[in-house]
Amino acid sequence: MSDLRGMFVDTSICTGCKACQVACKQWNEMAPGVPLPMEDEAAVRDHRAFTGNSYDNTGHLSATNWRHVKFIEQIGPDPSTNDRSDPRWLMMSDSCKHCAQAGCLEVCPTGALYRTQYGSVDIHQDVCIGCRYCVGACPFGVIAFNQRTGRVNKCILCQDRLEIGMGTACAKACPTSSLTFGAVDDLKAMANDRVKALHARGQTDAYIYGWDLGNSGKITAGPNKGAAVQDVEVVGGLNVFYLLLDKPEVYGLPAHAALPQRNFVPSAGVALISAAVLGVTGLAAFRRNRMAENAATAPEAGV
Amino acid sequence: MPDKYVLPPEWEWPITIALFLAGVAAGTYSVMGLMHWAGDKRDAPVIHRLGFIPMPIMIVVPLLLIYDLGQQGRFINLLIRNPAAAERPGPLMFNPNSPMNWGSWAMVIFAAFTAIAFADSLHHSGRIRFGWLEGVSHNTVVLALGELLALVVSGYSGVLLSVTNQGVWSDTFLMGGLFICFSELSGMAVAAIVSDRVGTAVTAGAVRRALFGFAAVSAVFLIIFLVGLATQQDGSLAALVASLHEFVAPVFWIGAVGLALLVPLLVLSPRPVMRTPNGSLALVGVLVLVGVLAFRYAMFFSAISFVQG
């Protein structure tokens with residue numbers, strides 16, 4: 001059996017209770033924090049520092065919110081009308097995906113981000129210099145800069161718990177088994193079985209985001225009703241992966257997440273080409289007319 | 001693909017200023033080397049004045065970059081591997097997948113070459129004599145290595161922006177090329193200012209032609225950059241347009257396009273459309289430098305403001 005550990009997030013049975021968020025905060029001893037708009041000075045000044053449009057008051061993942069339960073409210077088939085028939089709430093407990101090919105880890109210039117023996121991506125807080133390159137490189141907007149400590153933070157898959165044989169705090173606290181911790185291979189098999197079971201029951205919109213296990217289906221409700229969906233494998237696979245019931249974008253997940261390094265060689269190549277073009281242009285500017293001038297005045301070459 | 005799934009890196013103004021200054025230093029060094037190879041004795045006064053410029057700038061640049069770090073005291077972790085860091089061979093820190101590491105090392109080594117150029121200029125000014133330096137500073141291999149490092153310093157920040165997942169920056173391969181173009185443009189702008197003061201007519205004429213040529217090449221690259229974004233089917237250009245709002249839009253169009261590109265193209269064209277007072281080449285150089293700073297600002301804050309918006 002592989003040593004890789006991860007989590008399977010079955011959004012079809014998430015009730016949005018936020019027990020996972022609370023457990024994460026408690027275990028990692030993080031301050032309660034404030035929802036995003038509270039960080040907006042203007043919003044605080046204007047007493048608008050509250051989402052006010054959802055039970056989701058965390059807003060998004062941050063340096064002090066390593067786990068975030070998303071509330072996706074689909075009120076009626078068309079959000080632009082007042083038709084409130086067939087509403088549904090999609091819930092998803094989000095966190096770092098611990099990508100098999102992690103953009104944050106790839107670009108880290110100090111080696112502060114590293115791969116653990118469990119395949120998760122952890123941060124040496126003593127090594128991080130707070131350059132924030134990893135923040136822009138993460139395709140999921142997970143890793144975030146902590147203004148208070150001057151370093152970056154994200155979910156570390158409870159590395160300290162794993163080392164003493166415990167699972168993650170969030171999965172332990174989940175009352176519906178929406179979050180399951182375990183060996184990635186076992187979780188993939190479990191996820192595949194779950195998708196097939198849902199399809200057999202007529203819920204054909206279930207599919208896996210993170211690994212391509214060959215499932216496909218059609219969305220059965222909401223604004224995207226009837227659209228085709230299929231398993232999505234991104235950045236070489238995700239050690240924390242999801243069973244979704246709508247398009248990835250609906251959950252705030254990119255459909256085509258990619259490693260930032262895809263641009264490295266082409267961008268460097270174009271830079272070399274531009275340098276060559278400028279070099280030729282500059283040489284031509286200084287050489288032009290000088291051949292004749294040099295022939296006439298025969299100045300000493302070089303300086 | 002432009003998206004709002006990513007978080008902005010929250011880089012602030014010191015980074016913009018630092019990378020602009022690094023571009024000017026690298027561009028000035030490149031132009032100095034170019035004039036050394038392609039010029040002659042008549043260019044010597046300008047070449048020796050240009051040699052004074054990169055080193056002081058390369059002292060300021062790291063200070064600005066360190067200032068912007070969350071943990072300033074740990075900047076050394078960029079160069080020397082911290083014992084707790086991820087395993088790498090040797091005591092030095094170099095992650096070949098990270099353009100930031102390439103840039104860090106290039107700046108450190110390039111700074112040594114700027115010091116040689118500075119000492120050589122000091123020697124030629126007659127203030128302090130370093131006779132032994134003559135053979136080193138004018139050595140073709142030394143100059144070629146310095147030029148190569150100057151190019152890395154010029155372009156690495158553009159490549160660094162491309163190697164992210166931020167909309168606009170990561171939608172194109174051209175950022176590194178564009179940054180090199182504008183760095184070299186700023187270097188030639190510095191040469192224009194210097195040659196207007198101390199250069200011969202021959203040097204000033206060559207610098208005029210080169211500045212016009214560099215502006216033309218940069219304009220072509222910028223057009224390809226915008227067309228490239230426009231032809232993508234995922235709304236990359238729309239993202240750029242959306243991000244070029246409020247203060248960033250006039251900075252881009254008036255500064256980067258107007259001052260950095262149109263001014264030299266219109267004033268220094270073989271058939272000038274505009275003229276500067278007294279035909280001042282220095283004024284063109286100053287306007288181009290302001291334009292290059294505007295370009296850096298607009299490119300830097302376009303994606304960040306898009307994500308934050």
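**A walk through a predicted two-chain model**

B:Ser162 lies in helix 6 of chain B, where helices (H or I, at least four residues) and strands (E, at least two) are DSSP runs, numbered from the N terminus. This is a predicted model, in which local features need pLDDT of at least 70 and side-chain atom pairs count only at pLDDT 80 or more, while totals for chains, interfaces and linings use all residues. Residues are numbered from 1 along each chain as its sequence is written, chains are lettered from A and ligands numbered from 1 in the order in which they are written, and side-chain values use heavy atoms, with hydrogens and water left out.

Is B:Ser162 buried or exposed? B:Ser162 is buried, with a relative accessible area of 0%; here buried means under 20% relative accessible area, exposed over 50%, and partly exposed in between, with a 1.4 Å probe and protein chains only. Leaving aside residues up to four places away in sequence, B:Ser162 touches A:Pro260, A:Asn263 and A:Ser267, and also B:Trp169, B:Ser170, B:Thr172 and B:Met175, a contact being heavy atoms within 4.5 Å.

How confident is the predictor? For the complex, it gives an ipTM of 0.90 and a pTM of 0.88. Chain B has a mean pLDDT of 88, and 92% of its residues reach 70 or more, pLDDT being the predictor's confidence in each residue, from 0 to 100. Where pLDDT is low, the predicted coordinates should not be read in detail.

Chain A has 9 helices and 12 strands, and buried residues make up 53% of its 303 residues. Among the contacts in chain A with a separation of 6 or more, 60% are between residues 24 or more positions apart. In the loop between strand 1 (5–10) and helix 1 (19–27) of chain A sits A:Lys18, whose phi is near 70°, a positive value in a residue other than glycine. Most residues other than glycine have a negative phi. In chain B, B:Glu10 has a phi near 60°, which is also positive; B:Glu10 is placed in the segment before helix 1 of chain B and is partly exposed, with a relative accessible area of 26%.

On a 1 Å grid over the protein atoms alone, a cavity is a set of points where a 1.4 Å probe fits but cannot get out, and a pocket is an open set with protein on both sides within 12 Å along at least five of seven lines; lining residues have an atom within 4 Å of a point. Grid points are joined across faces, edges and corners, and a volume is the space filled by probe spheres set on the points.

The second largest pocket holds about 470 Å³ of space. Of the 24 residues that line this pocket, the closest to its centre are B:Leu65, B:Leu78, B:Ser104, B:Met107 and B:Tyr156. Helix 4 of chain B supplies the largest share of the pocket's lining, 5 residues.

In the whole structure, a search finds 5 cavities of 30 Å³ or more, and the largest cavity has about 150 Å³ of space. Of the 16 residues that line the largest cavity, the closest to its centre are B:Met32, B:Asp120, B:Ser137, B:His138 and B:Leu143. Helix 4 of chain B gives the most to this lining as well, with 5 residues.
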